[in-house]
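Reader: Before we discuss the model, could you show me the sequence and the structure?

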Amino acid sequence: MAIVFQKPKALTDAPLHYCPGCTHGIIHRLVAEAIDELGIEGKTVGVAPVGCAVMAYDYFACDMVEAAHGRAPAVATGLKRALPENIVFTYQGDGDLASIGMAETVHAATRGENITIIFVNNAIYGMTGGQMAPTSLPGQVTQTSPYGRDTATAGFPIRVSEMLATLDGPQYIERVAVNNVKNVNKAKKAIKKAFQNQVEGKGFSLIEVVSSCPTNWGMTPSKALQWVEEKMIPYYPLGVYKDRSAEKEGK
Amino acid sequence: MAKVTFNSDLCKGCGLCVDACPKKLIVLSKDKLNAKGHSPAEITDQEKCIACAFCATMCPDCVITVEK
């Protein structure tokens with residue numbers, strides 16, 4: 001019997017601590033599959049964030065570094081410059097990347113650092129208990145916006161992919177989702193390309209993954225994925241926002 | 001013949017595999033609890049499985065191995 005699907009080797013055997021139905025597990029697996037398929041586990045260094053994925057260093061079999069909140073792109077910059085032969089990626093949530101770490105993210109992007117960023121956007125602060133994030137949707141009920149996010153006082157959500165795509169530095173920016181099998185397969189392709197770009201020395205790649213948070217959204221895992229489809233994707237449209245190699249070929 | 005195996009002790013009973021199965025072959029166990037106290041997913045009719053691996057693709061916890 002041939003194996004059609006099994007756990008990738010770049011994930012350890014540690015059971016994931018995430019809530020039931022949290023799509024962090026799927027995204028971890030996609031990153032690990034990309035590492036396996038490119039055969040780069042021995043030279044890959046991951047940078048773990050602060051947030052739900054803070055213990056990502058237990059789950060990836062490659063070397064891992066824990067960064068202070070939001071500073072993963074800065075830590076990754078240092079690692080990549082000191083060890084240019086290694087493959088460096090960061091794995092960050094929206095509270096980490098789009099809030100406290102926005103400066104580090106934008107500047108790493110505009111410098112065009114040759115790193116890979118996996119940005120998990122679930123529109124809420126998960127680990128701290130469901131507070132409003134920079135990416136929470138207008139009207140979204142959270143612990144700190146019990147009447148829904150009021151854009152008059154709390155402003156509007158930040159579309160990170162679109163914003164970074166206006167810069168000249170980044171090589172590749174794409175937004176994907178993991179709400180169904182088709183989108184998971186597309187996300188896998190995008191994440192692999194982001195790592196491939198770094199192997200080829202092309203520069204900064206960021207994949208934004210629209211994700212779910214059943215616990216803090218107060219939904220069942222399956223309802224949460226429907227909410228991603230109905231509410232998140234219309235506000236955060238999927239697609240490639242920047243691809244310099246395609247631009248060169250005149251596509 | 002396709003074969004699906006569940007590493008039940010890792011399962012959190014989220015049910016994403018139940019939704020993903022195009023043949024509707026997966027259910028959350030009604031009479032079993034795993035080590036974590038969740039009702040683990042299990043396959044009802046192994047014979048009808050087409051090894052599409054949709055269940056494993058949506059599983060956040062790498063519980064499922066699919067063979068063909």
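Author: Of the 68 residues in chain B, 41% are buried, where buried means 20 or more other C-beta atoms within 10 Å of the residue's own, exposed means 12 or fewer, and partly exposed lies in between, with C-beta atoms placed from the backbone. This is a predicted model, in which local features need pLDDT of at least 70 and side-chain atom pairs count only at pLDDT 80 or more, whereas totals for chains, interfaces and linings use all residues. Residues are numbered from 1 along each chain as its sequence is written, while chains are lettered from A and ligands numbered from 1 in the order in which they are written.

Reader: In what order do the elements of chain B run from the N terminus on?

Author: Helices (H or I, at least four residues) and strands (E, at least two) are taken as DSSP runs, numbered from the N terminus. Chain B holds two helices and four strands. From the N terminus on, these elements follow the order β-α-β-β-α-β.

Reader: Is B:Lys24 buried or exposed?

Author: B:Lys24 sits in the loop between α1 (16–20) and β2 (26–28) of chain B, and its phi is positive, about 55°, although it is not a glycine. Most residues other than glycine have a negative phi. Since 11 other C-beta atoms lie within 10 Å of B:Lys24, the residue is exposed.

Reader: Is B:Cys62 buried or exposed?

Author: B:Cys62 is found in the loop between α2 (54–58) and β4 (64–67) of chain B, and here too is a residue other than glycine with a positive phi, near 50°. Because B:Cys62 has 22 C-beta neighbours inside 10 Å, it counts as buried.

Reader: How many residues of the side of chain B that touches chain A are nonpolar?

Author: The contact, for which C-beta atoms placed from the backbone must lie within 7 Å, takes 24 residues from chain B and 23 residues from chain A. On the side of chain B that touches chain A, α1, α2 and β4 of chain B each supply at least two residues. With Ala, Val, Leu, Ile, Met, Phe, Trp, Tyr, Cys and Pro counted as nonpolar, Asp, Glu, Lys and Arg as charged, and the others, Gly among them, as polar, that side has five polar residues, six charged and 13 nonpolar.

Definitions and conventions. Two residues are in contact if their C-beta atoms, placed from the backbone, lie within 7 Å.
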